[in-house]
Amino acid sequence: MAHIKLPEGLPGIRGPMAFRPETAKPLNELAEVLLRSENSLSRGERELIATFVSSLNNCFFCQNAHGGIAQHYLQCDLQYIDSIKNDYRSSDLSDKLKTLLSIAASVQNGGKQVTTEQIEKAKSLGATDIEIHDTVLIAAAFCMFNRYVDGLGTWAPQDRNIYVERGPRRAAEGYINFDLYKQ
Amino acid sequence: MPHINLPKEYPGIRSLFIYRPETAAPLNGLVQQLLYSPHPTLSQGERELIATYVSSLNHCKYCSTIHGAIAKHHLHNGNVVEKVKANPDDAPISKKLKSLMKIAGKVQISGKEVLPSDIEAARNEGATDIEIHDTVLIAATFCMFNRYVDGLATWAPDDLEVYDRMGKQRAEEGYLTPPFKIKS
(Lines give C-alpha, C1' and ligand atoms only; values in the text may rest on other atoms or scores of the structure.)
Protein backbone atom coordinates (compact mmCIF):
# COMPACT_ATOMS: atom_id res chain seq x y z
CA MET A 1 0.00 0.00 0.00
CA ALA A 2 1.26 3.44 -0.88
CA HIS A 3 2.33 5.72 1.98
CA ILE A 4 -0.22 8.39 1.01
CA LYS A 5 -3.69 8.18 -0.51
CA LEU A 6 -3.14 8.06 -4.27
CA PRO A 7 -5.72 7.68 -7.06
CA GLU A 8 -6.46 3.96 -7.28
CA GLY A 9 -5.40 1.57 -10.00
CA LEU A 10 -2.43 3.55 -11.30
CA PRO A 11 0.93 1.73 -11.13
CA GLY A 12 4.32 3.20 -10.26
CA ILE A 13 4.87 6.89 -10.94
CA ARG A 14 1.39 7.28 -12.43
CA GLY A 15 -0.22 7.40 -8.97
CA PRO A 16 1.87 10.33 -7.65
CA MET A 17 1.59 12.08 -11.03
CA ALA A 18 -2.20 11.93 -10.89
CA PHE A 19 -2.08 13.03 -7.23
CA ARG A 20 0.04 16.11 -7.99
CA PRO A 21 -0.35 17.31 -11.60
CA GLU A 22 1.56 20.52 -10.78
CA THR A 23 4.80 18.57 -10.36
CA ALA A 24 3.90 15.90 -12.95
CA LYS A 25 4.08 18.52 -15.71
CA PRO A 26 7.78 19.49 -15.41
CA LEU A 27 8.73 15.88 -14.57
CA ASN A 28 7.17 14.65 -17.80
CA GLU A 29 8.67 17.53 -19.78
CA LEU A 30 12.09 16.57 -18.42
CA ALA A 31 11.64 12.92 -19.43
CA GLU A 32 10.50 13.99 -22.89
CA VAL A 33 13.56 16.21 -23.51
CA LEU A 34 16.03 13.71 -22.08
CA LEU A 35 14.69 10.49 -23.55
CA ARG A 36 12.78 11.38 -26.70
CA SER A 37 13.88 14.69 -28.24
CA GLU A 38 16.38 15.00 -31.10
CA ASN A 39 19.77 13.70 -29.94
CA SER A 40 22.88 11.99 -31.28
CA LEU A 41 22.21 9.24 -28.72
CA SER A 42 19.32 7.13 -30.00
CA ARG A 43 16.10 6.82 -28.00
CA GLY A 44 16.97 3.18 -27.38
CA GLU A 45 20.39 4.08 -25.98
CA ARG A 46 18.93 6.73 -23.70
CA GLU A 47 16.18 4.40 -22.44
CA LEU A 48 18.89 1.81 -21.79
CA ILE A 49 20.78 4.27 -19.57
CA ALA A 50 17.52 4.97 -17.69
CA THR A 51 16.84 1.24 -17.33
CA PHE A 52 20.37 0.51 -16.15
CA VAL A 53 20.36 3.23 -13.46
CA SER A 54 16.88 2.16 -12.29
CA SER A 55 18.20 -1.37 -11.99
CA LEU A 56 21.16 -0.16 -9.90
CA ASN A 57 18.64 1.62 -7.67
CA ASN A 58 16.62 -1.59 -7.52
CA CYS A 59 13.43 0.21 -8.60
CA PHE A 60 11.21 -2.53 -10.02
CA PHE A 61 8.67 -0.28 -11.72
CA CYS A 62 11.14 2.07 -13.43
CA GLN A 63 13.58 -0.58 -14.62
CA ASN A 64 10.77 -2.62 -16.17
CA ALA A 65 8.76 0.27 -17.60
CA HIS A 66 11.87 1.78 -19.25
CA GLY A 67 13.29 -1.67 -20.02
CA GLY A 68 10.10 -2.40 -21.99
CA ILE A 69 10.50 0.80 -23.98
CA ALA A 70 14.24 0.20 -24.57
CA GLN A 71 13.46 -3.33 -25.73
CA HIS A 72 11.02 -1.96 -28.25
CA TYR A 73 13.46 0.61 -29.65
CA LEU A 74 16.39 -1.83 -29.73
CA GLN A 75 14.24 -4.64 -31.13
CA CYS A 76 15.76 -7.11 -28.66
CA ASP A 77 14.37 -9.53 -26.09
CA LEU A 78 14.06 -9.36 -22.31
CA GLN A 79 17.12 -11.56 -21.86
CA TYR A 80 19.23 -9.01 -23.70
CA ILE A 81 18.01 -6.18 -21.45
CA ASP A 82 18.77 -8.36 -18.42
CA SER A 83 22.26 -9.13 -19.73
CA ILE A 84 23.01 -5.39 -19.96
CA LYS A 85 21.81 -4.85 -16.40
CA ASN A 86 23.87 -7.77 -15.11
CA ASP A 87 27.08 -7.27 -17.04
CA TYR A 88 27.07 -4.54 -19.70
CA ARG A 89 30.85 -4.77 -20.07
CA SER A 90 30.53 -8.24 -21.65
CA SER A 91 27.73 -7.15 -23.99
CA ASP A 92 27.97 -6.28 -27.66
CA LEU A 93 27.23 -2.59 -27.00
CA SER A 94 29.66 -0.07 -28.51
CA ASP A 95 32.68 0.87 -26.41
CA LYS A 96 31.37 4.43 -26.31
CA LEU A 97 28.02 3.38 -24.86
CA LYS A 98 29.76 1.09 -22.35
CA THR A 99 31.82 4.05 -21.15
CA LEU A 100 28.69 6.20 -20.88
CA LEU A 101 27.06 3.42 -18.82
CA SER A 102 30.09 3.40 -16.51
CA ILE A 103 29.67 7.17 -16.04
CA ALA A 104 25.96 6.63 -15.33
CA ALA A 105 26.87 4.00 -12.70
CA SER A 106 29.26 6.46 -11.03
CA VAL A 107 26.53 9.13 -10.96
CA GLN A 108 24.16 6.65 -9.32
CA ASN A 109 26.76 6.18 -6.61
CA GLY A 110 27.29 9.93 -6.19
CA GLY A 111 28.19 12.80 -8.53
CA LYS A 112 31.73 13.04 -7.16
CA GLN A 113 32.37 9.42 -8.16
CA VAL A 114 32.68 10.43 -11.83
CA THR A 115 36.39 10.55 -12.64
CA THR A 116 38.37 12.58 -15.16
CA GLU A 117 39.66 9.25 -16.55
CA GLN A 118 36.11 8.10 -17.32
CA ILE A 119 35.33 11.37 -19.07
CA GLU A 120 38.58 11.30 -21.07
CA LYS A 121 37.91 7.73 -22.13
CA ALA A 122 34.39 8.61 -23.27
CA LYS A 123 35.72 11.56 -25.26
CA SER A 124 38.46 9.43 -26.84
CA LEU A 125 35.75 7.01 -27.99
CA GLY A 126 33.88 9.85 -29.67
CA ALA A 127 31.43 10.95 -26.97
CA THR A 128 30.49 14.63 -27.33
CA ASP A 129 30.05 17.09 -24.46
CA ILE A 130 26.28 17.02 -24.97
CA GLU A 131 26.26 13.21 -24.83
CA ILE A 132 28.26 13.26 -21.60
CA HIS A 133 25.99 15.96 -20.19
CA ASP A 134 22.84 14.08 -21.10
CA THR A 135 24.18 10.79 -19.73
CA VAL A 136 24.93 12.44 -16.37
CA LEU A 137 21.53 14.14 -16.28
CA ILE A 138 19.60 10.99 -17.31
CA ALA A 139 21.39 9.05 -14.58
CA ALA A 140 20.75 11.82 -12.03
CA ALA A 141 17.11 12.16 -13.10
CA PHE A 142 16.51 8.44 -12.54
CA CYS A 143 18.08 8.72 -9.10
CA MET A 144 15.18 11.13 -8.56
CA PHE A 145 12.40 9.18 -10.31
CA ASN A 146 13.39 5.92 -8.58
CA ARG A 147 13.35 7.57 -5.14
CA TYR A 148 10.02 9.24 -5.90
CA VAL A 149 8.39 5.95 -6.94
CA ASP A 150 9.79 3.87 -4.06
CA GLY A 151 9.80 6.62 -1.41
CA LEU A 152 6.02 6.85 -1.62
CA GLY A 153 5.61 3.06 -1.55
CA THR A 154 3.76 2.87 -4.89
CA TRP A 155 2.70 -0.53 -6.25
CA ALA A 156 3.83 -2.10 -9.52
CA PRO A 157 2.51 -5.06 -11.54
CA GLN A 158 4.87 -7.97 -10.87
CA ASP A 159 4.47 -9.71 -14.26
CA ARG A 160 7.40 -8.36 -16.29
CA ASN A 161 5.74 -9.29 -19.57
CA ILE A 162 3.14 -6.59 -19.00
CA TYR A 163 5.85 -3.93 -19.36
CA VAL A 164 7.22 -5.58 -22.49
CA GLU A 165 3.76 -5.67 -24.04
CA ARG A 166 3.19 -1.99 -23.25
CA GLY A 167 6.63 -0.88 -24.49
CA PRO A 168 5.62 -0.09 -28.09
CA ARG A 169 2.65 2.07 -27.05
CA ARG A 170 4.65 3.87 -24.34
CA ALA A 171 7.36 4.57 -26.92
CA ALA A 172 4.84 5.90 -29.42
CA GLU A 173 2.83 8.10 -27.02
CA GLY A 174 5.87 9.72 -25.34
CA TYR A 175 5.94 11.50 -22.00
CA ILE A 176 3.80 14.57 -22.55
CA ASN A 177 0.58 13.85 -24.37
CA PHE A 178 -0.57 10.62 -22.79
CA ASP A 179 -3.52 9.57 -20.69
CA LEU A 180 -2.35 8.68 -17.16
CA TYR A 181 -5.42 6.50 -16.73
CA LYS A 182 -5.02 4.49 -19.94
CA GLN A 183 -3.06 1.31 -19.17
CA MET B 1 37.64 22.11 -13.84
CA PRO B 2 34.28 21.01 -15.23
CA HIS B 3 34.21 17.74 -17.20
CA ILE B 4 32.66 19.48 -20.22
CA ASN B 5 33.05 22.93 -21.73
CA LEU B 6 30.70 25.13 -19.67
CA PRO B 7 30.33 28.93 -19.64
CA LYS B 8 32.91 30.13 -17.10
CA GLU B 9 31.06 33.17 -15.80
CA TYR B 10 28.32 31.08 -14.16
CA PRO B 11 28.88 28.68 -11.21
CA GLY B 12 27.20 25.40 -10.27
CA ILE B 13 23.91 24.51 -11.89
CA ARG B 14 23.68 27.98 -13.44
CA SER B 15 26.45 27.01 -15.87
CA LEU B 16 24.49 23.87 -16.81
CA PHE B 17 21.28 25.83 -17.32
CA ILE B 18 23.04 28.23 -19.70
CA TYR B 19 24.77 25.32 -21.47
CA ARG B 20 21.61 23.28 -22.08
CA PRO B 21 18.45 25.46 -22.07
CA GLU B 22 16.32 22.54 -23.34
CA THR B 23 16.74 20.68 -20.04
CA ALA B 24 16.95 23.86 -17.96
CA ALA B 25 13.32 24.73 -18.73
CA PRO B 26 11.67 21.67 -17.09
CA LEU B 27 14.27 21.59 -14.29
CA ASN B 28 13.51 25.20 -13.38
CA GLY B 29 9.79 24.53 -13.74
CA LEU B 30 10.12 21.67 -11.26
CA VAL B 31 12.10 23.59 -8.67
CA GLN B 32 9.82 26.61 -9.04
CA GLN B 33 6.79 24.43 -8.29
CA LEU B 34 8.41 22.53 -5.43
CA LEU B 35 10.20 25.36 -3.63
CA TYR B 36 8.69 28.67 -4.66
CA SER B 37 5.06 28.37 -5.80
CA PRO B 38 2.37 28.78 -3.14
CA HIS B 39 1.94 25.69 -0.98
CA PRO B 40 -1.11 24.99 1.21
CA THR B 41 0.98 24.57 4.36
CA LEU B 42 4.77 24.44 3.92
CA SER B 43 6.47 27.84 3.73
CA GLN B 44 9.13 28.62 1.14
CA GLY B 45 11.70 28.70 3.93
CA GLU B 46 10.71 25.24 5.20
CA ARG B 47 10.91 23.76 1.72
CA GLU B 48 14.33 25.34 1.14
CA LEU B 49 15.50 23.84 4.45
CA ILE B 50 14.59 20.36 3.19
CA ALA B 51 16.52 21.01 -0.05
CA THR B 52 19.49 22.33 1.95
CA TYR B 53 19.51 19.34 4.31
CA VAL B 54 19.44 16.74 1.51
CA SER B 55 22.15 18.61 -0.44
CA SER B 56 24.25 18.67 2.70
CA LEU B 57 23.78 14.88 3.15
CA ASN B 58 24.95 14.48 -0.46
CA HIS B 59 27.99 16.70 0.32
CA CYS B 60 27.12 18.99 -2.58
CA LYS B 61 28.87 22.24 -1.67
CA TYR B 62 27.19 24.40 -4.32
CA CYS B 63 23.60 23.22 -3.69
CA SER B 64 23.78 23.09 0.10
CA THR B 65 25.32 26.57 0.28
CA ILE B 66 23.02 28.26 -2.24
CA HIS B 67 19.79 26.72 -0.90
CA GLY B 68 20.98 27.47 2.63
CA ALA B 69 21.38 31.10 1.53
CA ILE B 70 17.90 31.14 -0.05
CA ALA B 71 16.42 29.60 3.13
CA LYS B 72 18.21 32.25 5.21
CA HIS B 73 16.67 35.03 3.11
CA HIS B 74 13.17 33.56 3.42
CA LEU B 75 13.43 32.87 7.14
CA HIS B 76 15.58 35.90 8.09
CA ASN B 77 17.56 33.41 10.18
CA GLY B 78 20.95 31.95 9.30
CA ASN B 79 21.30 30.08 12.58
CA VAL B 80 18.43 27.69 11.85
CA VAL B 81 20.04 26.83 8.49
CA GLU B 82 23.33 25.84 10.11
CA LYS B 83 21.55 23.84 12.80
CA VAL B 84 19.45 21.92 10.25
CA LYS B 85 22.59 21.07 8.31
CA ALA B 86 24.26 19.80 11.48
CA ASN B 87 21.25 17.84 12.78
CA PRO B 88 17.56 18.67 12.21
CA ASP B 89 16.59 17.04 15.52
CA ASP B 90 18.55 19.72 17.39
CA ALA B 91 17.38 22.60 15.19
CA PRO B 92 14.77 25.20 16.24
CA ILE B 93 12.11 23.89 13.82
CA SER B 94 8.67 22.38 14.44
CA LYS B 95 8.26 18.72 15.37
CA LYS B 96 6.36 18.22 12.14
CA LEU B 97 9.25 19.58 10.07
CA LYS B 98 11.67 17.38 12.02
CA SER B 99 9.58 14.32 11.11
CA LEU B 100 9.58 15.41 7.44
CA MET B 101 13.38 15.88 7.59
CA LYS B 102 13.63 12.30 8.83
CA ILE B 103 11.72 11.13 5.73
CA ALA B 104 13.89 13.33 3.47
CA GLY B 105 17.04 11.84 5.02
CA LYS B 106 15.78 8.34 4.26
CA VAL B 107 14.94 9.23 0.65
CA GLN B 108 18.51 10.50 0.29
CA ILE B 109 19.74 6.95 1.00
CA SER B 110 17.03 5.22 -1.06
CA GLY B 111 13.28 5.40 -1.59
CA LYS B 112 12.95 1.97 -0.04
CA GLU B 113 14.35 3.24 3.28
CA VAL B 114 11.11 5.14 3.98
CA LEU B 115 9.09 2.95 6.35
CA PRO B 116 5.40 3.06 7.31
CA SER B 117 6.59 4.00 10.83
CA ASP B 118 8.32 7.14 9.43
CA ILE B 119 5.09 8.15 7.71
CA GLU B 120 3.06 7.44 10.83
CA ALA B 121 5.42 9.55 12.93
CA ALA B 122 4.95 12.46 10.50
CA ARG B 123 1.17 12.05 10.55
CA ASN B 124 1.20 12.08 14.34
CA GLU B 125 2.81 15.53 14.12
CA GLY B 126 0.06 16.66 11.75
CA ALA B 127 1.75 16.14 8.36
CA THR B 128 -0.67 15.95 5.42
CA ASP B 129 -0.46 13.75 2.31
CA ILE B 130 0.66 16.72 0.20
CA GLU B 131 3.38 17.58 2.70
CA ILE B 132 4.65 13.99 2.69
CA HIS B 133 4.46 13.83 -1.11
CA ASP B 134 6.33 17.10 -1.56
CA THR B 135 8.96 16.19 1.03
CA VAL B 136 9.70 12.92 -0.78
CA LEU B 137 9.83 14.67 -4.15
CA ILE B 138 11.98 17.58 -2.92
CA ALA B 139 14.43 15.08 -1.40
CA ALA B 140 14.42 12.96 -4.57
CA THR B 141 14.84 16.04 -6.76
CA PHE B 142 17.91 17.17 -4.84
CA CYS B 143 19.39 13.69 -5.20
CA MET B 144 19.18 14.54 -8.90
CA PHE B 145 20.42 18.15 -8.75
CA ASN B 146 23.35 17.27 -6.47
CA ARG B 147 24.47 14.47 -8.81
CA TYR B 148 24.03 16.71 -11.84
CA VAL B 149 26.12 19.52 -10.34
CA ASP B 150 28.90 17.28 -8.99
CA GLY B 151 28.77 14.65 -11.76
CA LEU B 152 29.89 17.29 -14.27
CA ALA B 153 32.34 18.87 -11.80
CA THR B 154 30.91 22.39 -12.03
CA TRP B 155 32.73 25.07 -10.06
CA ALA B 156 31.45 26.22 -6.68
CA PRO B 157 32.57 29.66 -5.45
CA ASP B 158 34.30 29.79 -2.06
CA ASP B 159 33.08 33.33 -1.30
CA LEU B 160 29.92 33.15 0.84
CA GLU B 161 28.99 36.68 -0.20
CA VAL B 162 28.44 35.37 -3.75
CA TYR B 163 25.96 32.78 -2.47
CA ASP B 164 24.25 35.46 -0.42
CA ARG B 165 23.65 37.57 -3.54
CA MET B 166 22.44 34.59 -5.58
CA GLY B 167 20.27 33.45 -2.66
CA LYS B 168 18.70 36.89 -2.35
CA GLN B 169 17.88 36.84 -6.06
CA ARG B 170 16.14 33.46 -5.88
CA ALA B 171 14.30 34.24 -2.63
CA GLU B 172 12.94 37.43 -4.22
CA GLU B 173 12.41 36.36 -7.83
CA GLY B 174 11.91 32.59 -7.77
CA TYR B 175 13.63 30.28 -10.23
CA LEU B 176 12.45 31.52 -13.61
CA THR B 177 14.57 34.66 -14.03
CA PRO B 178 17.98 34.61 -15.76
CA PRO B 179 21.13 34.27 -13.59
CA PHE B 180 23.73 37.06 -13.38
CA LYS B 181 27.40 36.63 -14.26
CA ILE B 182 29.99 36.04 -11.57
CA LYS B 183 33.77 36.43 -11.76
CA SER B 184 35.54 33.15 -11.10
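**Close-ups of a two-chain model**

A:Cys62 is buried, with a relative accessible area of 3% (buried means under 20%, exposed over 50%, partly exposed in between, using a 1.4 Å probe and protein chains only). This is a predicted model, where local features need pLDDT of at least 70, side-chain atom pairs count only at pLDDT 80 or more, and totals for chains, interfaces and linings use all residues. Residues are numbered from 1 along each chain as its sequence is written, chains are lettered from A and ligands numbered from 1 in the order in which they are written, and side-chain values use heavy atoms, with hydrogens and water left out.

**View 1. Cysteines without a bond.** You'll find zero disulfides over all chains (a disulfide is a pair of cysteine sulfur atoms within 2.5 Å). The closest cysteine sulfur to that of A:Cys62 sits in A:Cys59, 3.5 Å away, so it is too far for a bond. A:Cys76 is in no disulfide either, its nearest cysteine sulfur being that of A:Cys62, 18 Å away.

**View 2. Where the chains meet.** Here 45 residues of chain A are in contact with 44 residues of chain B (contact means heavy atoms within 4.5 Å). On the chain A side, 15 residues come from helix H8, the largest share (helices are DSSP runs of H or I, at least four residues, numbered from the N terminus).

**View 3. A salt bridge up close.** The side chains of A:Lys112 and B:Asp150 pair up at 2.8 Å, N to O (a salt bridge puts a side-chain nitrogen of Lys or Arg within 4 Å of a carboxyl oxygen of Asp or Glu). Across this interface, the rule finds four salt bridges.

Definitions and conventions: Helices (H or I, at least four residues) and strands (E, at least two) are DSSP runs, numbered from the N terminus.
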